[in-house]
Amino acid sequence: MKQLVKIISLCACVSFTACDDDDDDGTITINGFKNEVSITEKDGYRYIVSNGIPDHEVGQFPNAEDPIAIAEVDLEYRVALQPNYLNTPLITTGYELGVGINGVPYDPNGPFYIHNDERRAIMNPFDGIASGWQYEGLAENVKLGHDDNDAHVQPPGLYHYHGVPLGLINNLTTKKKTSTMLLLGYAADGYPIYNDMSYTDANNTSSAVKKLKSSYRLRTGTRPANPSDKPTAPSGTYDGTFVQDYEYVKGLGDLDECNGRFGKTAEYPNGTYYTLSPTTGLSFRATSEAHLTKASEFLAKENHCMFHNSACILF
């Protein structure tokens with residue numbers, strides 16, 4: 001039975017064990033469901049409607065760290081066809097980041113730190129928001145049950161990506177016979193999301209291909225204490241457990257503070273701003289009114305822009 005839900009950001013995501021079946025026609029069936037997605041354009045918007053079921057192999061769900069099975073969920077997204085670029089990114093903590101072309105959401109938000117109570121932080125992800133410290137959902141020591149697609153399942157059975165959607169990339173690579181500049185989805189601001197294999201010269205699609213690198217790096221030293229008017233902050237050295245363990249250094253890599261850049265692609269021969277997957281992010285790079293038109297708000301009620309700032313962007 002399909003379920004119509006308001007999407008919430010509940011981070012959680014073991015080893016890769018397929019729990020699905022391939023039909024004779026090559027399609028994937030997961031718990032009796034098959035992927036359904038449609039993408040249409042109308043009146044200045046792109047609409048992505050899906051049942052939330054991925055079109056690739058997935059890990060074992062439920063598992064020891066994620067007790068929820070994948071289920072069919074009605075999803076409907078609307079994003080701008082012509083985003084209005086912002087020079088200054090806007091933070092959007094707690095909202096979904098975007099949606100894949102297969103209709104599976106990107107929701108990389110991790111839970112916030114709650115002093116001496118990590119399990120409560122996972123079960124109530126925004127209770128600790130005042131601390132200012134957010135767990136990096138894909139950090140090695142943050143056990144959230146994600147599979148090899150950097151994905152997991154949240155109530156009521158919604159499968160979603162926290163990082164690199166490996167299965168989607170493999171499917172597209174096989175279909176297009178290339179791993180270069182694969183369109184993986186759309187951010188809530190309307191800009192496209194690509195994989196990290198791109199052109200050395202962003203404006204020359206005939207130039208050599210390389211793996212783009214983020215301009216974020218792990219901080220050095222020890223995490224500072226919070227001011228007395230804020231909840232307790234986590235102690236210890238910067239080790240990638242938290243999003244705030246990383247810092248942006250302009251020019252360090254190929255990408256800006258939103259983990260994106262301008263350039264030409266097959267889908268945008270005249271050029272566009274685009275962002276990359278993996279995507280653990282907290283904001284957007286363009287104004288829009290991106291939102292779910294059926295399953296409540298998709299990312300935000302107001303204007304936003306895209307930002308990626310954590311372990312899974314250090315590729």
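A search of the whole structure, a predicted model, finds seven salt bridges.

**Exercise 1. Locate the partner of Arg217 and explain what the pair ties together.**

Step 1. Side chains of opposite charge can pair when their charged atoms come close.

Step 2. Arg217 forms a salt bridge with Glu247. The closest N and O atoms are 2.8 Å apart. The cut-off is 4 Å, so the pair qualifies.

Step 3. Arg217 sits in strand β17 (residues 216–218), and Glu247 in strand β18 (residues 246–248), so the bridge ties together parts that are 30 residues apart in sequence.

Step 4. Arg217 has 40% relative accessibility and counts as partly exposed. Glu247 is also partly exposed, at 22%.

**Exercise 2. Which residues of helix α2 are buried, and which strands do they pack against?**

Step 1. Helix α2 covers residues 166–176. Its buried residues are Gly167, Leu168, Ile169 and Leu172.

Step 2. An α-helix has 3.6 residues a turn, so residues three or four places apart point the same way. Look at the spacing of Leu168, Ile169 and Leu172, which are among the buried residues.

Step 3. Find the partners. The buried residues of α2 pack against β10 (105–106), β12 (158–161) and β13 (183–187).

Step 4. Look past the helix. Lys177 follows α2 and has a positive phi, near 60°.

**Exercise 3. Describe how β11 and β12 are joined, and which way the side chains of β12 point.**

Step 1. Four bridges join β11 to β12, and the strands run antiparallel. Within this pairing, Gln154 stands opposite Leu158 in β12.

Step 2. The two strands form a hairpin with three residues between them. Gly157 in the turn has a positive phi of about 125°.

Step 3. Pro156 lies in the loop between β11 (151–154) and β12. A cis peptide bond joins Pro155 to Pro156, with omega about 5°.

Step 4. In a regular strand the side chains alternate between the two faces of the sheet. Here Leu158 and His160 point one way from β12, while Tyr159 and Tyr161 point the other way. All four are buried.

**Exercise 4. Where do Asp43 and Asn259 lie, and is each buried or exposed?**

Step 1. Most residues other than glycine have a negative phi, and most peptide bonds are trans.

Step 2. Asp43 is not a glycine, yet its phi is positive, about 55°. Asp43 is found in the loop between β5 (37–42) and β6. With 66% relative accessible area, Asp43 is exposed.

Step 3. Asn259 also has a positive phi, near 60°. Asn259 lies in the loop between β18 and β19 (260–263). At 1%, Asn259 is buried.

Step 4. Phe61 and Pro62 are joined by a cis peptide bond with omega about 0°. Pro62 lies in the loop between β6 (45–50) and β7 (73–80).

**Exercise 5. What does the side chain of Asp189 reach?**

Step 1. Asp189 is found in the loop between β13 and β14 (192–194).

Step 2. Asp189 has 0% relative accessibility and counts as buried.

Step 3. The side chain of Asp189 reaches the backbone nitrogen of Tyr191 at 3.0 Å.

How values were computed. Residues numbered from 1 in each chain as written. Predicted model: local features only at pLDDT ≥ 70, side-chain atom pairs only at ≥ 80, totals over all residues. Heavy atoms only, no water. Salt bridge = Lys/Arg side-chain N within 4 Å of Asp/Glu carboxyl O. Buried < 20%, exposed > 50% of the residue type's maximum accessible area, 1.4 Å probe, protein only. Contact = heavy atoms within 4.5 Å. Polar contact = N/O pair within 3.5 Å; in protein donor to acceptor, adjacent residues only side chain to side chain. Pairing = 2+ DSSP bridges.
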